[in-house]
Amino acid sequence: LYELEGALRRNAMIKSAEVYLTVNNEVRVEVVQRKPIARVHAQEHYYIDDVGEIMPLSENRSARVPLVTGSINKKDVDDVFQLAKSIQEDSFLKKNVVEIHVNADGSLSMMMRAQTFEVYLGNLDYFNKKVSNLKAFYQKIKKDNAFDAYSKVNLQFEDQVVCTKK
């Protein structure tokens with residue numbers, strides 16, 4: 001049983017595994033799978049899981065999570081993890097964000113599912129306020145049917161939404 005449990009725990013896609021024998025002499029196996037929340041596509045390709053650890057890509061399936069592009073290195077993984085976790089926890093962001101881009105200076109941008117504009121976040125300071133501003137902006141452009149009017153939405157400032165028209 002210990003060998004089987006050890007073999008399961010060595011699998012990079014498994015978070016935890018318990019193998020035990022019941023009183024009825026049945027072998028029971030309880031496995032908890034790791035859950036990816038972002039897929040990094042840079043010099044290396046890997047997932048970031050829900051606890052911020054790096055995990056390899058699966059050969060069998062691809063998770064439907066935001067793609068991370070740009071100049072990401074190991075020190076940027078923490079910021080990307082915080083952003084990806086926030087995206088997973090917010091229904092609006094989870095539905096709309098398809099890509100996280102790490103710029104050369106370490107600042108962060110997001111690409112939205114149905115829109116052609118880039119959402120520039122800068123750093124993650126005042127992130128909740130930035131998301132509130134983005135949601136308000138979305139309501140305004142939805143009402144005006146002006147999704148295609150902008151090329152960039154800049155949220156780096158705490159109390160402003162600065163837009164660049166096409």
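Colleague: How many salt bridges does the count come to?

Modeller: This is a predicted model, in which local features need pLDDT of at least 70 and side-chain atom pairs count only at pLDDT 80 or more, while totals for chains, interfaces and linings use all residues. Residues are numbered from 1 along each chain as its sequence is written, and side-chain values use heavy atoms, with hydrogens and water left out. A salt bridge here is a side-chain nitrogen of Lys or Arg within 4 Å of a carboxyl oxygen of Asp or Glu, and by this rule the count comes to eight.

Colleague: Which residues are linked with Arg9 in a network of salt bridges?

Modeller: The side chain of Arg9 meets that of Glu18 in a salt bridge, at 3.3 Å from N to O. On the scale used here, buried means under 20% relative accessible area, exposed means over 50%, and partly exposed is in between, with a 1.4 Å probe and protein chains only; Arg9 counts as partly exposed because its relative accessibility is 45%, and Glu18, at 40%, also counts as partly exposed. The network links Arg9 with Glu5 and Glu18.

Colleague: How many residues apart in sequence are the parts that Asp50 and Lys15 tie together?

Modeller: Asp50 and Lys15 form a salt bridge in which the closest N and O atoms are 3.4 Å apart. Helices and strands are DSSP runs numbered from the N terminus, helices being H or I with at least four residues and strands being E with at least two. Asp50 lies in the loop between β4 (45–49) and β5 (54–55) and Lys15 in strand β1 (residues 14–21), so the parts tied together by the pair are 35 residues apart in sequence.

Colleague: Is Asp159, the partner of Lys129 in a salt bridge, buried or exposed?

Modeller: The side chains of Lys129 and Asp159 meet at 4.0 Å, N to O. This pair links distant parts of the chain, 30 residues apart, with Lys129 in helix α4 (residues 127–144) and Asp159 in the loop between β10 (150–154) and β11 (162–165). Lys129 counts as partly exposed at 36% relative accessibility, whereas Asp159, at 59%, counts as exposed.

Colleague: Which residues does Asn133 touch, not counting those up to four places away in sequence?

Modeller: Asn133 is found in helix α4, and it counts as buried because its relative accessible area is 15%. Contact means heavy atoms within 4.5 Å, and with residues up to four places away in sequence left out, Asn133 touches Leu155, Glu158, Asp159, Gln160 and Val161.

Colleague: Why does Asp49 count as buried?

Modeller: Asp49 lies in strand β4. Leaving aside its neighbours within four places in sequence, Asp49 is in contact with Arg34, Lys35, Pro36, Ile37, Met55 and Phe81. Asp49 counts as buried because its relative accessibility is 1%.

Colleague: Which residue does the side chain of Arg28 join in a polar contact of 2.8 Å?

Modeller: Arg28 lies in strand β2 (residues 27–33) and counts as partly exposed at 39% relative accessibility. Leaving aside neighbours within four places in sequence, Arg28 is in contact with Glu18, Val19, Tyr20 and Thr22. A polar contact is a pair of N or O atoms within 3.5 Å, where within protein one must be able to donate a hydrogen and the other to accept it, and residues adjacent in sequence count only if both atoms are side-chain atoms; the partner of Arg28 in the 2.8 Å contact is Glu26.

Colleague: What is the phi of Asn25?

Modeller: Asn25 is found in the loop between β1 and β2 and, at 61% relative accessibility, counts as exposed. Its phi is a positive value in a residue other than glycine, near 65 degrees.

Colleague: How much space lies in the largest pocket?

Modeller: On a 1 Å grid over the protein atoms alone, a pocket is an open set of points where a 1.4 Å probe fits, with protein on both sides within 12 Å along at least five of seven lines, and lining residues have an atom within 4 Å of a point. The largest pocket is lined by 17 residues, of which Gln33, Arg34, Pro36, Arg61 and Ala63 lie nearest its centre. Grid points are joined across faces, edges and corners, and a volume is the space filled by probe spheres set on the points; for the largest pocket this comes to about 310 Å³.
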